[in-house]
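Work through the exercises below with the sequence and the coordinates open beside you.

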Amino acid sequence: MGEKFDRRGDDLGPSGFDPHAPYVSVETSFQGPIDSQDKNLAMLAHLLGCLGILVGSVPGFLGPLIIWLTQKDKSAFVEEQAREALNFQITLLIIAVVCGLLVFASCGTLFPILILPAALQVIFGIISTLSVSSGNAYRYPFNLRLIK
């Protein structure tokens, strides 16, 4: 009873994920310190996607796209984060279309699922903005990375 066994290595799932492992930041292609302007532009890319919910999904798509196109040759951090936000907006657009088709196919019975894309956009938009504001790169947990 006095012995304590650390068996974390034995209970790894098929993917090898260890839920007890310490946080490790995301692998990124940029090196060196991140200045405040780069941080602000990366935050803006994520936040514009989040704010796009107020007018519809198109502004959420355009904000990260404009930042990615204008900053991709200037800052690796901003380019990577704007690309990640843009890919997430594309993923949300696909989810919104699928949800709309499901509502149409169910004759409106599944109407509440139309809230799903908006909720995901707000929740992950806030999480990503806060993560980038502290200088950490953020990768969305489910994201179709169509733009490389």
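**Surface, core and rings**

The protein chain exposes about 9,400 Å², of which carbon and sulfur atoms supply 66%, by the Shrake-Rupley method with a 1.4 Å probe. This is a predicted model, in which local features need pLDDT of at least 70 and side-chain atom pairs count only at pLDDT 80 or more, while totals for chains, interfaces and linings use all residues. Residues are numbered from 1 along each chain as its sequence is written, and side-chain values use heavy atoms, with hydrogens and water left out.

**Exercise 1.** Determine which residues touch the most other members of the largest nonpolar core.

*Solution.* Begin with the definition: such a core is a set of buried (under 20% relative accessible area) Ala, Val, Leu, Ile, Met, Phe, Trp, Tyr and Cys residues joined through side-chain atoms within 4.5 Å. The largest one has 21 residues, among which Phe 124 and Tyr 140 touch the most other members. Next, assign the contributions: H1, H2, H3 and H4 each supply at least two residues, and H3 gives the most, with ten.

**Exercise 2.** Classify the ring pair of Phe 88 and Phe 142.

*Solution.* Rings of Phe, Tyr and Trp (its six-membered ring) pair if their centres lie within 6.5 Å, and planes under 30 degrees apart count as stacked, over 60 as edge-to-face and the rest as tilted. Here the centres are 5.9 Å apart and the planes stand at 65°, so the pair is edge-to-face. Then locate the partners: Phe 88 lies in helix H3 and Phe 142 in the segment after H4, so the pair ties together parts that are 54 residues apart in sequence. Finally, Phe 88 counts as buried at 1% relative accessibility.

Notes
Buried means under 20% relative accessible area, exposed over 50%, partly exposed in between (1.4 Å probe, protein chains only). Helices (H or I, at least four residues) and strands (E, at least two) are DSSP runs, numbered from the N terminus.
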